[in-house]
Structures are given as C-alpha cells and as structure tokens.
Amino acid sequence: GPATVVVAVNGVIGGSYDTTGGDDQVSSRRFHVMVPPELLVEGGNGIEVFLAERSGGNVRLTAVDVDR
C-alpha cells in the first residue's frame, strides 16, 4: 500500500511525504520535502530518510539508502 517517507535533519524528524495516489514503488520515485530552517546548521547537515510503517497503533521507521 501507500507509504510515508520521513526525512530527519541532524537526528530530528523534519518532514514527511505521503505516497498516496501514486504507484507503490517508492524506490523509483523522486520527492521533495520541506524542512523547518531552524533544523539546519551552518556547515554540513546530516540527512536521513526513512519509510514509516503503521501497525496496531505503532509506527516503525526503516532507514532507506538514498542516492544524493
């Protein structure tokens, strides 16, 4: 089914993208996520991408390897 892509900046979740309405092949999809500017620091910023899976009221984040 549809997935939610979650983006963390410097270890803090900053935004998400709901894939509802498209195909389920998140691996082949491009997306954009806006994050609050206060999460960004001068110099390098750590960016992590996760897939969020809901089950029984819980949310599990699975890290996604991305090409930049």
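Visitor: Let's start with Leu 61: what strand is the place of this residue in?
Guide: We're looking at a predicted model here. Leu 61 falls inside the run of residues 58–64. That run is strand 4.

Visitor: Is Leu 61 buried, partly exposed or exposed?
Guide: The relative accessible area of Leu 61 comes to 37%. Buried would need under 20% and exposed would need over 50%. Since 37% sits in between, Leu 61 is partly exposed.

Visitor: Which residues form a nonpolar patch on the surface with Leu 61?
Guide: The patch has about 260 Å² of accessible area, counting its residues together. Besides Leu 61, its members are Ile 13 and Val 59.

Visitor: Where is confidence highest, and where is it lowest?
Guide: For the protein chain as a whole, the mean pLDDT is 85, with 84% of residues at 70 or more. Strand 1 (residues 4–9) has the highest confidence, at 94. The lowest, at a mean of 91, is in strand 3 (residues 47–55).

Visitor: Where is Asn 10 found, and what is its phi?
Guide: Asn 10 is in the loop between strand 1 and strand 2. Asn 10 is partly exposed, with a relative accessible area of 33%. Asn 10 isn't a glycine, and yet its phi is positive, at about 55°.

Visitor: Now Phe 31: is this residue buried, partly exposed or exposed?
Guide: Phe 31 lies in the loop between strand 2 (12–18) and strand 3. Its relative accessible area is 26%. Buried means under 20% and exposed means over 50%, so Phe 31 counts as partly exposed.

Visitor: Which residues is Phe 31 in contact with, leaving aside neighbours within four places in sequence?
Guide: Contact here means heavy atoms within 4.5 Å. With those sequence neighbours set aside, the partners of Phe 31 are Val 5, Val 7, Tyr 17 and Val 49.

Visitor: How far apart in space are Phe 31 and Ser 16?
Guide: Along the sequence, Phe 31 and Ser 16 are 15 residues apart. Going C-alpha to C-alpha, the distance in space is 9.9 Å.

Visitor: Last one: what share of the 68 residues in the protein chain is buried?
Guide: The chain exposes about 5,200 Å², and carbon and sulfur atoms supply 50% of that area. To count as buried, a residue needs under 20% relative accessible area. The buried share of the 68 residues is 21%.

Note on methods
Residues numbered from 1 in each chain as written. Predicted model: local features only at pLDDT ≥ 70, side-chain atom pairs only at ≥ 80, totals over all residues. Heavy atoms only, no water. Patch = residues over 30% accessible without salt bridge, like charges linked within 9 Å, V, L, I, M, F, W, Y side chains within 5 Å. Areas by Shrake-Rupley, 256 points an atom, 1.4 Å probe, with all protein chains shown as cover. Salt bridge = Lys/Arg side-chain N within 4 Å of Asp/Glu carboxyl O. Helix = DSSP H or I, 4+ residues; strand = E, 2+ residues; numbered from the N terminus. Buried < 20%, exposed > 50% of the residue type's maximum accessible area, 1.4 Å probe, protein only. pLDDT = per-residue confidence, 0-100.
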